[in-house]
Amino acid sequence: MEKNLSRRDFMKGLAAGAVSTATMGAFHTSVLAADSASSGGSLYTPGTYTASAKGHEGTVTVTMTFDETSILEVSIDASGETESIGVPAAEKLAEKILSAQSSLVDGVSGATETSSAVQAAAANCIYQASGGGIVENVASSDGESSEEASGSVSGRDWLGDAPEISEDDILETVTTDVLVVGAGNAGLMTAARAAESGVSVMVIEKGISSMNERHWIGAVGTAEADAENVEVDKNKLAAELCRYASHRCDESLIRLWINHSGEAVDWYYSIVKQYNPDVNLHMEWDVGQGGHDTYYVPPVMHNFQDSIEENYYSEATASYGLSSLTSYALDKGAEIRYETPLVKLEQDSDGRVIGAIAQSADGSYIRITALKGVALCCGGYAYNKEMLAALNPDAYASTVEADASALNTGDGIKAAMWVGADKDPDATAMLFDRGVIAPGEVSDGNWDKSGYFHLGSQPWLKVNLNGKRFCNESVPYDFILHAAYMEPGHLYNTIYDSNWMEQVKQFQQIGCARIEPSESGGKLQIFSYEAEQGLLGSLEEAGLIQSADTLEELAEKLNIPVDTFVSTVERYNELCENGEDEDFGKEAYRLLPVNTPPYYGCRQGASLLCTLDGLRINTEMQVLDSEGNPIQGLYAAGDCSGGFFAHNYPEYIVGVAVGRTLTEGYLLGAEFANL
């Protein structure tokens with residue numbers, strides 16, 4: 001143990017350590033705390049600090065003693081864990097933490113949950129000693145704890161308590177049948193459908209306007225599909241979605257989308273057509289091959305088209321979709337208030353949700369009574385970095401770029417949990433393999449120093465930060481990110497050469513990764529090569545893509561071992577020449593060599609779009625408590641709700657996220673009409 005570890009060495013050790021998934025959130029905050037330490041070299045406030053976290057069977061408590069610059073003692077109470085597994089694991093972890101002078105240590109094989117709890121609690125202790133306050137149990141210097149722990153990084157520190165609002169600050173009271181929180185896909189679909197039936201609807205939205213949905217809408221059994229004789233095996237589709245989620249999902253919600261998305265999107269299209277007669281619903285049934293032959297890639301992709309010029313994809317879905325729903329809802333009598341964020345839900349004495357308190361643009365509060373119920377349609381928590389780091393440290397550690405809305409901060413999820421709602425146990429994010437940062441950079445929660453590399457989803461050669469190939473590159477977008485998370489630094493490099501345009505044509509990609517035109521619907525092309533060239537040029541100019549005339553030079557620019565990298569490329573080219581990937585089994589038609597300079601490469605991580613774990617709901621979109629019982633008067637739809645996804649986003653079911661959201665909103669609006 002180094003008792004006089006310098007601040008510089010400590011920070012270097014933190015950056016270089018293998019970051020545990022359970023401690024990622026605390027890692028960043030403790031680094032920030034250490035970074036703000038006094039110039040005299042003091043890292044910690046001497047004393048003994050204690051924190052707890054939930055382990056496999058019980059609570060694990062870590063107690064750590066510090067002097068000004070080092071960890072002196074580590075004690076772990078894991079007596080509630082499995083005697084033959086958790087207890088000895090805790091002993092090993094205490095030794096590792098003391099030796100490493102950090103919580104950033106490898107877990108013990110076979111004791112994952114105990115390891116995660118120890119790592120989280122240790123990170124919490126370090127954070128306290130560095131001047132932070134995650135846990136309200138900072139001990140005095142004589143080692144006596146002042147009060148009991150209130151939580152941990154892996155617990156509910158991100159949740160907090162519902163705010164107390166003085167009655168004197170509530171300057172307006174409103175009554176409506178239905179209160180919809182959020183004017184996005186789910187919210188506007190719910191509002192428009194409910195208002196259509198004559199139900200009074202108020203929508204509150206904290207943004208200044210509605211967001212636009214993504215390009216693709218996933219649906220089964222639309223009129224367009226019927227007209228083109230497109231069929232989907234519904235049972236196979238349900239099984240595929242459950243397989244993606246490892247069956248940690250509610251299959252009834254998946255089948256709800258499969259069985260009703262066609263009618264929902266047809267209704268949606270009829271609304272868009274009312275306000276935009278020249279817009280048509282387009283479907284692509286030539287869906288591309290994706291990767292491997294083991295994935296079911298059903299034809300469910302739809303979007304709105306206002307014209308087909310030069311065979312290029314138009315942005316009609318984003319331009320006309322939600323604007324049409326907004327107009328329709330308003331025409332049917334709904335009220336929409338922007339710049340009006342949700343503050344908290346309100347319940348009666350029986351626990352029924354009877355409305356909410358919101359805040360207006362001038363800072364005053366509004367009490368909204370909802371006679372039929374409150375619909376939470378306000379998205380996930382992708383832009384709440386504290387919440388993301390605590391609930392999904394893997395995604396936090398992998399993300400280098402965010403395409404997420406800054407409004408998605410988990411407001412609805414937290415408000416519902418304050419009144420007793422249950423949430424998905426598995427954190428899930430929609431990650432795209434398109435984030436790019438400069439060589440030498442790491443993922444540290446700063447998303448402003450990165451770029452969006454659309455071609456990152458192409459199945460070119462990928463190597464880890466040590467220059468070695470590590471998996472079959474032909475996998476769904478976020479699977480390559482999951483594989484890279486197991487590699488040093490959680491990041492990787494994409495390698496390609498000057499033949500990239502011809503190689504993209506051969507890859508036959510799917511969904512938003514497709515650049516080459518499909519064979520259906522007038523050969524619509526999503527992105528032009530000219531646009532891609534411009535994007536690549538700007539990324540290279542910014543230092544996010546490197547180019548070189550030799551592989552050795554490229555390795556140096558990418559900050560990876562030269563000899564290892566060159567050997568990896570030579571082996572890959574040999575496999576390409578033989579037409580068989582003996583190492584990882586990539587399809588022969590995607591084995592394309594890196595042999596024509598200039599060579600290109602970039603350091604990649606995740607581009608975060610949204611989170612997909614949310615409030616547990618039933619097929620009536622009622623929010624459930626921890627016993628599986630509906631909380632009366634409370635509903636949720638879209639990314640705010642859960643039960644549909646787990647661990648990953650099934651990208652080969654193109655548009656399923658937006659399709660699921662629109663379908664749930666459509667059905668929820670009808671539910672309110674019938675109450």
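# Strands, rings and charges

Colleague: In E8, which residue is the bridge partner of Glu284?

Modeller: Bear in mind that this is a predicted model. Strand E7, residues 280–284, pairs with E8 in the antiparallel sense over 5 bridges. In E8, Glu284 is bridged to Met301.

Colleague: And which residue in E8 is the bridge partner of Gly218?

Modeller: Look at strand E6, residues 217–218. It pairs with E8 in the antiparallel sense over 2 bridges. The partner of Gly218 in E8 is Met301.

Colleague: How many of the residues of E8 are buried?

Modeller: Take the two faces in turn. On one side, Met301, Asn303 and Gln305 are buried; on the other, His302 and Phe304 are buried. Both faces are therefore covered, and E8 is largely enclosed by the rest of the structure because its buried residues number 5 of the 5.

Colleague: Turn to the rings. How many aromatic pairs does the structure hold?

Modeller: A pair needs ring centres within 6.5 Å. The number of aromatic pairs in the structure is 21.

Colleague: Is the pair of Trp257 and Phe644 stacked or edge-to-face?

Modeller: The ring centres are 6.3 Å apart. The planes stand at 80 degrees. Planes over 60 degrees apart count as edge-to-face, so the pair of Trp257 and Phe644 is edge-to-face.

Colleague: How many residues apart in sequence are the parts that this pair ties together?

Modeller: Trp257 lies in helix H8, residues 251–275. Phe644 lies in the loop between strand E21 (630–636) and helix H18 (656–674). The pair therefore ties together parts whose separation in sequence, in residues, is 387.

Colleague: Is Trp257 buried or exposed, and Phe644?

Modeller: Buried means under 20% relative accessible area. Trp257 has 1%. Phe644 has 1%. So Trp257 is buried, and Phe644 is buried.

Colleague: What about Tyr269 and Phe304: stacked or edge-to-face?

Modeller: The ring centres lie 6.1 Å apart, with the planes at 25 degrees. Planes under 30 degrees apart count as stacked. The pair of Tyr269 and Phe304 is therefore stacked.

Colleague: How many residues apart are Tyr269 and Phe304?

Modeller: Tyr269 is in helix H8, and Phe304 is in strand E8, residues 301–305. The pair thus links distant parts of the chain, and their separation in residues is 35.

Colleague: Over which ring does the charged end of Lys385 sit?

Modeller: Another charge first: the charged end of Arg193 sits over the ring of Trp267, 5.6 Å from its centre. For Lys385, the distance to the ring centre is 4.4 Å. The ring under Lys385 is that of Trp447.

Notes
Residues numbered from 1 in each chain as written. Predicted model: local features only at pLDDT ≥ 70, side-chain atom pairs only at ≥ 80, totals over all residues. Heavy atoms only, no water. Phe/Tyr/Trp six-rings, centres within 6.5 Å; stacked < 30°, edge-to-face > 60°. Helix = DSSP H or I, 4+ residues; strand = E, 2+ residues; numbered from the N terminus. Buried < 20%, exposed > 50% of the residue type's maximum accessible area, 1.4 Å probe, protein only. Lys NZ or Arg CZ within 6 Å of the ring centre and 35° of its normal. Pairing = 2+ DSSP bridges.
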